[in-house]
Structures are given as C-alpha cells and as structure tokens.
2 protein chains.
Amino acid sequence: MQYVVGIDIGGTNLVVGCVADDGSALHGLLREPTRPEEGPDAVVHRLIGMAQRAMEQTAHAVPTVAFAGLGVGSPGPLNTKTGTVLLTPNLGWIDMPLRARLQQGLGLQTELDNDANCATLGEWWQGAAQGSSHVLGLTIGTGIGGGIILNGEIYHGAVDTAGEFGHTTIDADGRRCKCGNYGCLEAYASGPAIALRAIEAIEAGEESTLPEYVGNHLRRVSAETVYEAAKDGDELALEVVKETSRLIGAGIANLVNSFNPEVVVVCGGVTLAGDRLFIPLRREVNRRAFKPAASACRIVAGELPGTAGVYGAALMYLQRRQHEWGGAAGAGGSGSAPHA
Amino acid sequence: MQYVVGIDIGGTNLVVGCVADDGSALHGLLREPTRPEEGPDAVVHRLIGMAQRAMEQTAHAVPTVAFAGLGVGSPGPLNTKTGTVLLTPNLGWIDMPLRARLQQGLGLQTELDNDANCATLGEWWQGAAQGSSHVLGLTIGTGIGGGIILNGEIYHGAVDTAGEFGHTTIDADGRRCKCGNYGCLEAYASGPAIALRAIEAIEAGEESTLPEYVGNHLRRVSAETVYEAAKDGDELALEVVKETSRLIGAGIANLVNSFNPEVVVVCGGVTLAGDRLFIPLRREVNRRAFKPAASACRIVAGELPGTAGVYGAALMYLQRRQHEWGGAAGAGGSGSAPHA
C-alpha cells in the first residue's frame, strides 16, 4: 500500500501524518507546538524528526507500506515551482528553501503548497466538500487564509497567490490590517481581531463579564473567551459574535457573487461556535448575495479539524506527480505516483 | 471561410456583427438603440433583422462565406444550458427563452452567455488580454459586470453567475445598491452612481461648475459630464473622479488578492478618462493588494470598445460547439465548428 507523508505547518502547531494514496487511512498522526521563535533550522529539524516517527508508526500499522513522497502545506506567499517559502510574517521565514531542506533530510520527493490551499483540498478529498467541482475554503485562525479548488485541483492563479480572501476589503476606510491594507476581513474576523474588538469595547467603557474569564487581565481575552462568554449570555460578547458573523457573511457574499461556488468550507476554531456563527452568517450571505448564487451554495464547517491540511498536502503531492508523469488530473491518489 | 454571427445586448445599445472563425475579420457591424420599453418581442424582432442585414453585408464582402452559427451575450442572470435569460432589471425580461427565439428566427444554431463574460472573452481573443491564462474583465456602464477567463474559456461557476464583481461589498455599511445589498462597488462606480455622487454633493451645497454643463438641469449630469468638467479643472468633479478611481481600485485589489490574475481588463465609457482614471486606480491597487500579486497583474483598458462583446459571443459559440463535438478546448475558432 502506498502512503504519502503530509505536513501542515501552522503559526501555532505542526501536524504530520501518513495518508494512504486512496485517502482511506491516516496513520502516525503527530502534533506539536511550532515554536517559531527557535528559528527555521530548529523547526525544520523537528519536522524531519516528526515525519520519521510518523513513518515508523505507519510501518508498524501497515507492514506492506511504501512511501511515495511528501506533501507540505506552509503559510505563504511561496513559490510552488522552486519550493521556496518567500515570506511568512507569523514564522519569520524569508526565502526559505523548504522543499529542498525536507527532501534532503528525509530522502523523499517533496512538493510544497500554501497551507490554506492544502486544507481546502483536504476537505474536498475526504471532508465537507466531497463531490463538488467549485469549492472555496476559508481558514479562520491567527489569520484568515483561503483556498480555491476547481474540479478537484488547487487553483493557483498567475504566481501562486490566489485565494487570499482574508485580505479582501469589506470596508474601504476601515481598520488597518497587518498586511498594510485597510478594512480587510482579517482585520475584523481573525481570532486576534475578534478578541481585540471585545477588548476595545470594554476599554471604551462597555460593561461585560469578559474580564472575569481572564482574571481581569484584559489582554488575555481570546476569541475562545469571547465565544465562551457569549454562550454564557454576556451581552457584549454576544454582540461581538453577531457582528463577526455579519462581517464574515459579507466576505463570503463577495466570494459567492465572484466565484459562484457550490460550497464554502469554513475551517478553524471559530467554527466550534456552531449555529451561533453559522445561522447569522448564512442569513447575511442570503441578504447580500445574488439569489441564484446564494441558493446554489452550501456554507459549512470543515469536517476534518486538525487533519484537513495533512490530507490535502498528501493529495497535492500525488496530483503534482501525476501531472509531471503526464497522467490524467483529477480525483487524486490513483496510485500512479512514483515510488520514492 | 466560416463566420459566426455575434450579438451583444446592452441596456443602451444592441450590437451585431459577423466574425471570421479565426478572429481575423469582423464584417457587417451594426449598432442601434436597445429601446427596452418596446418590450422583449420587439427587441428580438429587431435583433433578427439586424443579424440578417449583418449576414448580407458580410456575404457581399466575403463571397465564399458560410455561417457556422450565432453567439449571443445578454445581461443576466441566465441559464446557458437552457438558453434562457432569467431576469434582467435593465431590460425588464423574465424567463425569456432568448436562444430558442433567435435560433428559430434565423435558422442558425445559437449559444447564449452573459454579456460581460463575452466582452472579457473577446478581449482575451483579440484585445487587451491576448496570451494570458488568468484574465478578469470589469465592464463599467449603467451597471458593473464582470467576467473570468481561465485558460481561454469562460469560468461559469456552479450555476452560471460567476463574475458579478459589481456586486461585491467594499463598504459593509455603505450605500444601498439596486441589487438589495449594501456598499456594492456598483453603487459607487457605475456611470449613474458617479453622476449621483456629484449631484448629491452639489445639492448638499458644494460649489461646482457642473450645472453649467447641463443648462442647470442638475439631474442631467452624467458620468461623462463629470469627467468632462474634471478635464476642465472643476474641483468637485476632480474629487468625484479621484474617489471613483480609489473605489474601483479597492474593488480590483480584492480581485487581485482573490484570483491572482495576470491581467484585469477594464471596459466601458469610463475608460475614456485614461490616465485620470488609471493612474490613481493602479496606485490604489498597489497600496491594497499583496505585492507579488499586484506586481504580476496588468490593469488595462479594453482594446475593443464597442466590439469586444461581439467577438467574445462569436468565440463563445465556437468553443461551446467544440466541447459538444469532443474537440479540444482552448485557443478557439479552429474551424472545427459544424456548418449550420
């Protein structure tokens, strides 16, 4: 049985696992904190160790295993052709030849792509977007990433930067974003932005029980705290959650009118809020987007929390190899990938 | 020589012409006012007459001509499979079986698509976007339409509504748009919206020479008047033009970050403003969009004013036929289209 190692590099966690090339199994799933402050060499070193352990565990579970290669999802922007990560503000990497480093360290053919692209591809392959030809993914965490999957393959655009939905303007004169732009969706609806909007309101004098959740260290309020307090009925938290749904809804309505997708998969911790997020969000999309486009589009939570990026990185590797070998593109993992 | 009849239906004008299937020639170009108030039957009747005259003129110029079929670009939303226009607010059509009506009236195989899709495809085929694989079009007129051309073909999305860039939000709490949404690009930067913003400012007491251009009938101010007064140095008009460039720039920056196109082609009367539009517009895109994506993207005026829609409708017809016959997609007009 052929397996592909999948790596998902996040600002907070590294996740590694081995995926059967037909998507039927995932073995050796490992997760540990990224600790970017240790520098790129240390992170790469640990990734190599994690991948080796994941392969050992998989070999125990599947004695006939063979490893076809390695797929890596990394924050970008990056160059998929040279395998270089150009710049990742959250990790502090610049012009990092990640593909070459991992390929050398593990002796496995390696392919690199954007982390949100991989997560969306994973949801298309084994998660919430199976069977759909026009898929968008929105990953909401420290930042807001996005991915576009058309006919089962990542859409890259001209220079690999397509899908940066977090950095689309929903208020032309709005909040300054870390990217330099004004009024980006990410400046309102990323985890830190949700927390900041609540903190600012309290600092401006609004009443809330939120400080009690963090021992009155207001700066410790996180998006999770806000959603927890909302569940407990805190009025300010409820207002922030409602406003967040409305803003994400405005962002998704733009995507619906632009791409006319069959499904938008929302991934990340914020989806744990469930109906509290999705009901007002869907209402906002229906209010804003064209009726036929909105009616044709499901808006759902990801079904592979924590592993979508690993599945997607593995399939991305297989598809890249298939293209190289001149095989047909598409439904992925046909076993025509070469043996490492 | 095979030709295809192309029809471009606009809110203001109907344009018809006959295009050689390799794009090398356009004959029998005819244009007349749409006059939607006469009702759909009268418009269809006139379109049939225009197409017959266009074919006659083409037969005079090219004695060996044969007509392969008819491509029609119409405002939407529409269903390309059934050939039905579902709804066009500007024309007042509802569930109009346009393809069947034209096919019957002319005895030519007919294919239907969105007008802005066709205009963008025309610019890819014979205009400003030749040779590019990732193309977006923005048509600015009575409304703001859009088109997406990937690898030389129209990207339709799930139910034919992709590319509605005029109805993407750039200010979540902004001006109400005719579509029901708030803060749409179209509500600020369509021709009528440009005029309205100037009129509102004058009504609110701002000084301007604009009323002099329209015999003091303020409601007769159009986008053209505003651009003319700006050229003459009117301060209010200059401010409206600058703000318009900034808002279109914000909208295009969203497209650049989402699609990572090689080129965005801007079509419509507003492009006559030239540098006065494009210099601040490009500056705004560079300020807002990701550097690699902005650097990779040309933002240019269409090169086929008045005929892009006719060229694109003709190529759309040829591509649809090729797909049906199982031929290779792509560079269009290979002459493999069937004879009508």
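Strand E8 (residues 110-114) of chain B is mostly covered, with five of its five residues buried (buried means 20 or more other C-beta atoms, placed from the backbone, within 10 Å of the residue's own; exposed means 12 or fewer, and partly exposed is in between). The model is a predicted one, in which local features need pLDDT of at least 70 and side-chain atom pairs count only at pLDDT 80 or more, while totals for chains, interfaces and linings use all residues. Residues are numbered from 1 along each chain as its sequence is written, and chains are lettered from A and ligands numbered from 1 in the order in which they are written. Helices (H or I, at least four residues) and strands (E, at least two) are DSSP runs, numbered from the N terminus. E8(B) pairs in the parallel sense with strand E4 (residues 66-74) of chain B, over five bridges (a pair takes at least two DSSP bridges between the strands). Here B:Gly71 has B:Glu111 of E8(B) as its bridge partner.

Over in chain A, helix H1 (residues 40-61) has 22 residues and should span 32 Å at 1.5 Å a residue; its end C-alpha atoms are 31 Å apart, which agrees (the expected span is 1.5 Å times one less than the number of residues). Buried in H1(A) are A:Val43, A:Leu47, A:Met50, A:Ala51, A:Ala54, A:Met55 and A:Thr58. Seen down the helix axis, these buried residues fall within an arc of 135°, so they line one face of H1(A) (the arc is that of the directions from the helix axis to the C-beta atoms). An α-helix has 3.6 residues a turn, so residues three or four places apart point the same way. The other side of H1(A) carries exposed residues: A:Asp41, A:Ala42, A:Glu56 and A:His60. As for what the buried residues pack against, the partners in chain A include strand E1 (2-9), strand E4 (66-74) and helix H2 (98-106) (contact means C-beta atoms, placed from the backbone, within 7 Å).

Chain A also holds an open sheet of five strands, in the order E11-E10-E9-E12-E13 and with mixed pairing. Strand E11 (153-154) and strand E13 (298-301) stand at its edges, each with a single partner strand, so one side of each is left without a neighbour in the sheet.

Technical notes. Two residues are in contact if their C-beta atoms, placed from the backbone, lie within 7 Å.
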